[in-house]
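Let's take a guided walk through a protein fold, one piece at a time. Keep the picture in view as you read, and try to find each element as it comes up.

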Amino acid sequence: MDEPAQELVLHEVTRRFTGPDGTEFTVLDRISSTVAAAETVAIVGPSGSGKSTLLNLIGGLDTPTSGSIRLGADEVTALTGLELARFRASRVGFVFQEHHLLPQLSAVENVLLPSLALSEGRRDEEWARKLLGRLGLGGRLDAFPGQLSGGERQRVALARALVNGAKLLLCDEPTGNLDAETGAAVVTLLLDVAREESATVLMVTHNAAHARRFGRSLQLREGGLTGTPGVKDGEVRA
Ligand SMILES: Nc1ncnc2c1ncn2[C@@H]1O[C@H](COP(=O)(O)OP(=O)(O)O)[C@@H](O)[C@H]1O
Ligand SMILES: [Mg+2]
């Protein structure tokens, strides 16, 4: 059985980078926030404000300069090696602006790819087909990415993010390359499938209409995060 979604807690997360001229700059400055299990959150903010950096830290693709990130009982920022690899493979699902599907694999084969990374709990083809069916792609299971539209490719990418049973979906401008109508349809499917799977969603978007469809919006600006506080944000900040 899948694990249920879990609370995500960011505590004073700071990320600094070193620029080409050798000077340090702070992208995220002591960010604290709590996202409840199965909550849907839109992340908005100007280009370069650190939205992708934030998702990468939460998903264990990058490590904060200081501060901690916890998902349920696990301190993501303390995981290393195999534990971190397992976390990335099974606990989080990423959807990016680019679909990153392999062109030589069919839709269902692309969805199954992340399951190859896990020795235990591997999902079978039937589950991948079911997931694609739920995303309206039941008739395109064996199509190759080159035969699919942009919206269909993003739906395959969404199924791939879910195939290992992740209950935390990190979506970085997944509708950025889609026209308005297709983008809105992908957001609808994302929110529907997240509700069905009781998954938490964090989605970066520049589209205010999309952001309004989420449980709440957080704005990233000048290193800080503002927005409607989460259930326990008051506590975290106190
Ligand atoms: N690995 C890195 N090394 C150096 N600078 C980085 C790195 N990743 C991101 N940055 C810088 O951090 C800032 C925030 O980037 P990013 O998180 O991609 O912003 P956003 O997704 O909001 O557009 C930018 O100035 C970017 O150039
Ligand atoms: Mg970005």
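## A loop residue to start with

His100 sits in the loop between β6 and α3. Its phi angle is near 55°, a positive value in a residue other than glycine. Is His100 buried or partly exposed? With 13 other C-beta atoms within 10 Å, His100 counts as partly exposed, because a residue is called buried at 20 or more such neighbours and exposed at 12 or fewer.

## The whole protein

Please remember that this is a predicted model. The protein contains eight helices and 10 strands. Its C-alpha atoms fill a box of roughly 50 × 40 × 40 Å, taken along the principal axes. A compact globule of 238 residues would have a radius of gyration near 18 Å, and the protein, with 18 Å, agrees with that.

Of the 238 residues, 42% count as buried. How do contacts link parts of the chain? Take the contacts between residues at least 6 apart in sequence: 74% of them join residues at least 24 apart.

## The six-stranded sheet

Now look for the open sheet of six strands. Reading across, the order is β6-β7-β8-β3-β9-β10, and the pairing is mixed. The edge strands are β6 (92-95) and β10 (224-227), each of which pairs on one side only. From one strand to the next, the twist averages 20°. As a general point, strands of a sheet pair through backbone hydrogen bonds, either parallel or antiparallel.

Start at the β6 end. β6 and β7 run parallel and are joined by four bridges; Val95 has Cys171 in β7 as its bridge partner. Which residues of β6 are buried on its two faces? Val92 and Phe94 are buried on one side, while Gly93 and Val95 are buried on the other, and both faces of β6 are covered. Helix α5 (residues 150-162) packs on the sheet, where it touches β6 and β7 (168-172). The direction of α5 makes about 165° with that of β6.

## Towards the other edge

Strand β3 (residues 40-44) runs parallel to β9, and four bridges join them. Val44 stands opposite Gln219 in β9, and Gln219 in turn stands opposite Thr226 in β10. You can follow these residues from strand to strand in the picture.

β9 (residues 216-221) and β10 pair in the antiparallel sense, over four bridges. Leu220 has Leu225 as its bridge partner in β10. The two strands form a hairpin with two residues between them, and Glu222 in the turn has a positive phi of about 45°.

## A helix with a buried face

Helix α4 spans residues 125-134, and its buried residues are Ala128, Leu131 and Leu132. Why do these residues line one face of the helix? Seen down the axis of α4, they fall within an arc of 95°, so they line one face.

After α4 comes Gly136, whose phi is positive, near 80°.

## The nonpolar core

In soluble globular proteins, nonpolar side chains tend to be buried together. Here, the largest nonpolar core has 60 residues. Those with the most contacts inside this core are Ile43, Val111, Leu132, Ala159, Leu169 and Leu202. Helix α5 gives the most to the core, with six residues.

Which residues does Val111 touch, not counting residues up to four places away in sequence? Its contacts are Ala128, Leu131, Leu132, Val156, Ala159, Arg160 and Val163. Among them are the buried residues of α4, namely Ala128, Leu131 and Leu132.

Key. Residues are numbered from 1 along each chain as its sequence is written. Chains are lettered from A and ligands numbered from 1 in the order in which they are written. This is a predicted model: local features need pLDDT of at least 70, side-chain atom pairs count only at pLDDT 80 or more; totals for chains, interfaces and linings use all residues. Two strands pair if DSSP finds at least two bridges between them. Axes are lines fitted to C-alpha atoms, for helices over the stretch in contact, and angles run from 0 to 180 degrees between N-to-C directions. Two residues are in contact if their C-beta atoms, placed from the backbone, lie within 7 Å. The radius of gyration is taken over C-alpha atoms; the globule rule is 2.2 Å times the number of residues to the power 0.38. The arc is that of the directions from the helix axis to the C-beta atoms. A nonpolar core is a set of buried Ala, Val, Leu, Ile, Met, Phe, Trp, Tyr and Cys residues joined through C-beta atoms within 7 Å.
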